[in-house]
Amino acid sequence: MLKTGYEELDKVIGGLENGKLYTLASRPGVGKSTLALNIINNAFKQSKDKILYFNLETPKDLLNERITSDNIEIIDTPRTTIEEIKNKCESTTDLSLIVVDYVQLIYTSSFNGSRLEEREYITQIFKSIATDLNVPILVLSQLTRDMTNYENQDFSHLKLTESISLLQDSDRTIFLYRDSYLNKNNKSSLNKDYRMKIVNTVKNIVVVVIP
């Protein structure tokens, strides 16, 4: 069990468990990529096994300075397919964590169905990778709508862009909300020492608020 490094979050989800699929979702610009990077660096402090970080949006040279170990491998190939991700994971030994940023940028090599069916297929592959390799997978995703009223809500109605099946199939989904995203007077930055607040848990869904 890998701890995320964030005490409030770990109290709720326990950590990242082998064989489980986790989703981290938010609107653009909230900070999910930064949070994922911090979780990666925190995870490496607990295990010296390999971490695969598929970042399909940001070039590797911009990420290297934020990665704390050579044992964290960054794959930044544009338009990476789920088959390529699966092959890379299966060919890597001694894996402790797989992180994918983000799911809407992943395609398939030969799937002929609709985009929604393709998303379902991709989710099934992620689930099988986690189970077969007995390793936690953290997949980042975009939200289709803002979370302006997060207090005392049932967030099960929120949808991930093009990826409804990911919400359904994930063992845990973490919705990330930033107060300063709407409050422009709050200039807080997301770093490893920021304070998060868990405001809601519904079934396998956790709602996290950061400054």
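Relative accessible area, computed with a 1.4 Å probe on protein chains only, sorts residues into buried (under 20%), exposed (over 50%) and partly exposed (in between). The model is predicted, so that local features need pLDDT of at least 70 and side-chain atom pairs count only at pLDDT 80 or more, while totals for chains, interfaces and linings use all residues. Residues are numbered from 1 along each chain as its sequence is written, and side-chain values use heavy atoms, with hydrogens and water left out.

**View A. Asn-134 in the loop between H5 and strand E5 (137-142).** Helices (H or I, at least four residues) and strands (E, at least two) are DSSP runs numbered from the N terminus. Asn-134 has a positive phi near 55° although the residue is not glycine, and with 45% relative accessibility Asn-134 counts as partly exposed.

**View B. Arg-79 in the loop between strand E3 (72-75) and helix H4 (82-90).** Phi of Arg-79, also not a glycine, is positive at about 55°, and a relative accessibility of 58% makes Arg-79 exposed. Most residues other than glycine have a negative phi, and most peptide bonds are trans.

**View C. The cis peptide bond from Asp-101 to Tyr-102.** Omega of this bond is near 0°, and Tyr-102 belongs to the loop that lies between strand E4 (95-101) and helix H5 (115-133).

**View D. The packing of H4 and H5.** With axes fitted as lines to C-alpha atoms over the stretch in contact, and angles running from 0 to 180 degrees between N-to-C directions, the two helices pack at about 5° with their axes 10 Å apart. H4 and H5 are therefore roughly parallel, a term for angles under 35 degrees.

Methods:
Angles under 35 degrees count as roughly parallel, over 145 as roughly antiparallel, 65 to 115 as roughly perpendicular and the rest as oblique.
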